[in-house]
Amino acid sequence: MLKLKGISKNFKDRPVLRNLNLTIEPGTVYGLLGPNGAGKTTTINIICNLLKPDRGEVLIADQPPNHQTKALIGVAPQQNLLYQTLTCRENLAFFGRLYGLQGKGLHQRIEECLALIDLSDRVNSPAETLSGGMQRRLSMAIALIHQPKLVILDEPTAGLDIEARYQVWEVIRHLQRSGTTILITTHLLDEVERLCDKIGILQQGKLIAEGSLPQLRRLIQAQEIVTIQAQDQQAIIDRGKALGLVSRRYGADLSFWIPELLDLKQILEYFEGIPIDGISRHPVSLEHIYLEVMGYI
Amino acid sequence: MGMIPVAQRILLELVHRRRSLVLWSVFPVFILLLNATILEGRTQLSRAEAYQLATPITIVGAALFFSCLGGSVCTVVAEREQQTIKRLFLSPLGGLSYFLGIFLAHSVIGIGQTLVVFAIALFFGAEFKGSVPLIMLIIALSILAYVGAGFILGTQIAKRTEDVNALIATFGVPLLLLGGSFIPASLFPQSLKDLAIWNPVFHINEVLAGVMNSTPWEEVGHHFTFLVFFSLTMVSGGWLSYRAMLERERNL
């Protein structure tokens with residue numbers, strides 16, 4: 001559905017994207033992760049033909065970006081960008097008409113989109129009267145009005161409360177079930193973990209890791225992560241070292257990569273003789289992988 | 001493809017802001033009544049003649065100037081300020097359709113105001129003997145010029161809605177005064193008359209008033225030529241300004 005081949009982009013002399021290669025197969029939900037300034041939004045701008053790359057090639061459904069490919073893409077930008085005095089129906093009708101929809105087809109599509117985002121009962125409410133979560137869902141519906149083949153969601157749940165996030169995720173899952181190809185850019189790791197089939201991690205314009213979650217988990221040689229609280233942390237570190245365990249600090253937490261699944265008794269035996277205040281066990285998460293590949297620890 | 005939806009959207013937003021709609025209707029009526037009352041009181045004209053004289057300057061100065069120039073600046077600036085224009089960049093809407101959509105919407109508003117002004121003038125006995133197609137052409141060219149100028153100001157100078165007020169106050173009101181929209185240019189001292197020939201509003205007023213009152217073409221032809229030239233310049237300038245804004249702001 002989408003291919004980026006060797007994309008590079010500089011703003012003045014500052015490289016923003018460096019030889020970016022990325023392929024999104026049809027029907028996939030692809031999560032593009034990265035900190036602020038990693039190049040996520042620049043990537044979207046290039047896909048949407050708003051920016052030209054300095055080098056490389058973009059193919060959307062095997063076509064280079066042009067006026068026609070705009071109809072293949074639906075974008076829900078980071079800000080909602082709605083006409084605030086217009087109602088939900090009027091916002092959808094306006095954008096639908098820009099994509100050439102009209103008459104019964106437009107009317108039917110508006111009803112479908114409003115049902116999908118669960119705003120059928122607010123059809124005649126001006127956008128300015130909707131909550132933040134509802135506005136975000138309306139923004140997503142605008143991105144979907146013309147039934148695009150590729151949907152791009154830029155930070156879809158940024159700034160939303162947990163209930164609103166769940167509602168947005170439900171819309172994304174529905175799209176996923178219907179086979180829509182989706183590109184999500186976010187820095188919310190749990191969002192990517194829950195929703196995405198494939199994940200790419202961008203750092204300073206370079207794709208430094210890519211794969212499904214199970215594939216990325218292989219980057220960490222551990223079955224689980226054990227976090228230990230103890231007064232004498234040096235003793236714990238020394239013991240871990242002697243046992244050949246990899247130690248990491250995730251924030252203030254001292255943790256060890258445990259290469260095989262053990263029961264609690266066996267783990268406690270590892271640190272026998274050292275007073276331990278607490279111990280917790282975690283599966284290897286995207287957060288651990290992300291911190292590892294980004295070199296933040 | 002996108003011209004009609006853009007125009008519909010602007011008009012729909014206006015309908016939702018009912019207060020603005022009422023004010024756009026009331027404003028030229030007030031100016032017409034005041035202009036005509038001043039003319040009737042200070043000259044030896046009859047009421048009908050005063051309304052006949054006040055109608056073209058009210059249409060050009062109060063109706064079209066504020067709704068088409070001020071209105072299109074507001075539309076473009078609001079779109080930039082609220083960043084909805086970025087969403088339009090993502091859609092297949094072309095720049096020409098966007099310009100024509102704004103032109104169409106403000107034409108509807110301007111023509112609506114013009115009809116209200118005409119209706120009131122006719123009610124007070126004013127008579128207009130000029131060529132209707134030519135009057136319509138002059139009004140269309142004036143709207144085109146104002147919308148073009150609105151694009152230049154809205155894309156290049158005004159960044160926020162507050163800037164629009166400052167622009168209109170600083171440049172708009174003196175241009176209107178010097179154009180003869182509030183006091184007929186025939187009453188100007190010679191120094192202001194000499195200055196007024198550089199003012200587009202003066203030429204638009206003169207050609208519309210001339211044609212509406214069947215003034216011989218030899219006397220108004222050069223004003224018409226100026227209007228055509230000015231409209232083309234403003235539309236070209238507006239288009240170039242829009243393209244320049246695209247280069248600056250075409251990203252998410």
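Predicted model: local features only at pLDDT ≥ 70, side-chain atom pairs only at ≥ 80, totals over all residues.
User: Which of the residues in helix 3 of chain A are buried?
Analyst: Arg109(A), Ile110(A), Cys113(A) and Leu114(A) are buried there.

User: Where do they sit around the axis of helix 3 of chain A?
Analyst: They cover an arc of only 130° around the axis, so they lie on the same side of helix 3 of chain A. In general, an α-helix has 3.6 residues a turn, so residues three or four places apart point the same way.

User: What is on the other side of helix 3 of chain A?
Analyst: Lys104(A), Gly105(A), Gln108(A) and Ala115(A) are found there, and these residues are exposed.

User: What covers the buried residues of helix 3 of chain A?
Analyst: The covering elements include helix 2 (88-98) and helix 4 (132-144) of chain A.

User: Now the whole chain. How many helices and strands are there in chain A?
Analyst: Chain A has 10 helices and 13 strands. Its C-alpha atoms fill a box of roughly 75 × 45 × 30 Å, taken along the principal axes.

User: How many residues of chain A count as buried?
Analyst: Chain A has 297 residues, and 42% of them count as buried.

Terms used. Residues numbered from 1 in each chain as written. Chains lettered and ligands numbered in written order. Helix = DSSP H or I, 4+ residues; strand = E, 2+ residues; numbered from the N terminus. Buried ≥ 20, exposed ≤ 12 C-beta atoms within 10 Å, placed from the backbone. Arc of directions from axis to C-beta. Contact = placed C-beta atoms within 7 Å.
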